[in-house]
Amino acid sequence: MKFVIVFVALFALAYAAPGNIDGEAQILNYKSDVGPDVWNSAYETSNGIRAFEDGQAINAGTDHESIVVKGSYSFVADDGKTYTINYIADDNGFQPQGEHIPQL
């Protein structure tokens, strides 16, 4: 369930990025391999959006069951630059990193 929420949120963020709302964009590549405890997916569109993600269920079937997701997405902004976010989502929450994201 966490995977779905994280994936949908990231897709919505990449799709809503300025300059990427393009009804004519085509899917150039799409790969997905989903198993019960491990999955990965990747896609690329003609308007410069790219994303990939690897996920894994940890401690499945126990009281400490959780999901760890690692991935990246990028998009071309109105300024013509490509912005990339690398992230980990786990028990510590969503942890994005990117050159344009302020560090705390």
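This is a predicted model: local features need pLDDT of at least 70, side-chain atom pairs count only at pLDDT 80 or more; totals for chains, interfaces and linings use all residues.
Trainee: What do strand 2 and strand 3 form, and how many residues lie between them?

Mentor: They form a hairpin, with four residues between the two strands. Within the turn, Gly48 has a positive phi of about 95°.

Trainee: Where is Asn47 found, and is it buried or exposed?

Mentor: Asn47 is found in the loop between strand 2 and strand 3. A residue is called buried when its relative accessible area is under 20%. Asn47 has a value of 13%, and is therefore buried. Its side chain also makes a polar contact, at 2.5 Å, with the side chain of Thr45.

Trainee: Which residues of strand 3 form its covered face, and which its uncovered one?

Mentor: The covered face consists of Ala51, Glu53, Gly55 and Ala57. The uncovered face holds Arg50, Phe52, Asp54, Gln56 and Ile58.

Trainee: Over how many bridges do strand 3 and strand 4 pair?

Mentor: They pair over nine bridges, in the antiparallel sense. For an example, take Ala57, whose bridge partner in strand 4 is Ile67.

Trainee: Where is Thr62 found, and what does its side chain reach?

Mentor: Thr62 is found in the loop between strand 3 (50-58) and strand 4 (66-76). Partly exposed residues lie between the 20% limit for buried and the 50% limit for exposed. With a relative accessible area of 40%, Thr62 is therefore partly exposed. Its side chain reaches the backbone nitrogen of His64 at 3.1 Å.

Trainee: How many bridges join strand 1 to strand 2? Over how many do strand 5 and strand 6 pair?

Mentor: Strand 1 and strand 2 run antiparallel and are joined by seven bridges; there, Val34 stands opposite Trp39 of strand 2. Strand 5 (residues 82-90) and strand 6 (residues 93-97) pair over five bridges, also in the antiparallel sense. Ile88 has Gln95 of strand 6 as its bridge partner, and a hairpin of two residues joins strand 5 to strand 6.

Trainee: Which residues of the largest nonpolar core touch the most other members?

Mentor: Among its 13 residues, these are Val69, Tyr73 and Phe75. At least two residues of this core come from each of strand 2, strand 4 and strand 5.

Trainee: How many aromatic pairs does a search of the whole structure find? Why is the pair of Tyr73 and Tyr87 tilted?

Mentor: The search finds three aromatic pairs. Ring planes under 30 degrees apart count as stacked and those over 60 as edge-to-face, with the rest tilted. The planes of Tyr73 and Tyr87 stand at 50°, so this pair is tilted; the ring centres are 6.3 Å apart. The pair links distant parts of the chain, since Tyr73 in strand 4 and Tyr87 in strand 5 are 14 residues apart. Both tyrosines are buried. Ring pairs link Tyr73, Tyr87 and Phe94 into a cluster.

Terms used. Residues are numbered from 1 along each chain as its sequence is written. Side-chain values use heavy atoms; hydrogens and water are left out. Buried means under 20% relative accessible area, exposed over 50%, partly exposed in between (1.4 Å probe, protein chains only). A polar contact is a pair of N or O atoms within 3.5 Å; within protein, one must be able to donate a hydrogen and the other to accept it, and residues adjacent in sequence count only if both atoms are side-chain atoms. Two strands pair if DSSP finds at least two bridges between them. A nonpolar core is a set of buried Ala, Val, Leu, Ile, Met, Phe, Trp, Tyr and Cys residues joined through side-chain atoms within 4.5 Å. Rings of Phe, Tyr and Trp (its six-membered ring) pair if their centres lie within 6.5 Å; planes under 30 degrees apart count as stacked, over 60 as edge-to-face and the rest as tilted.
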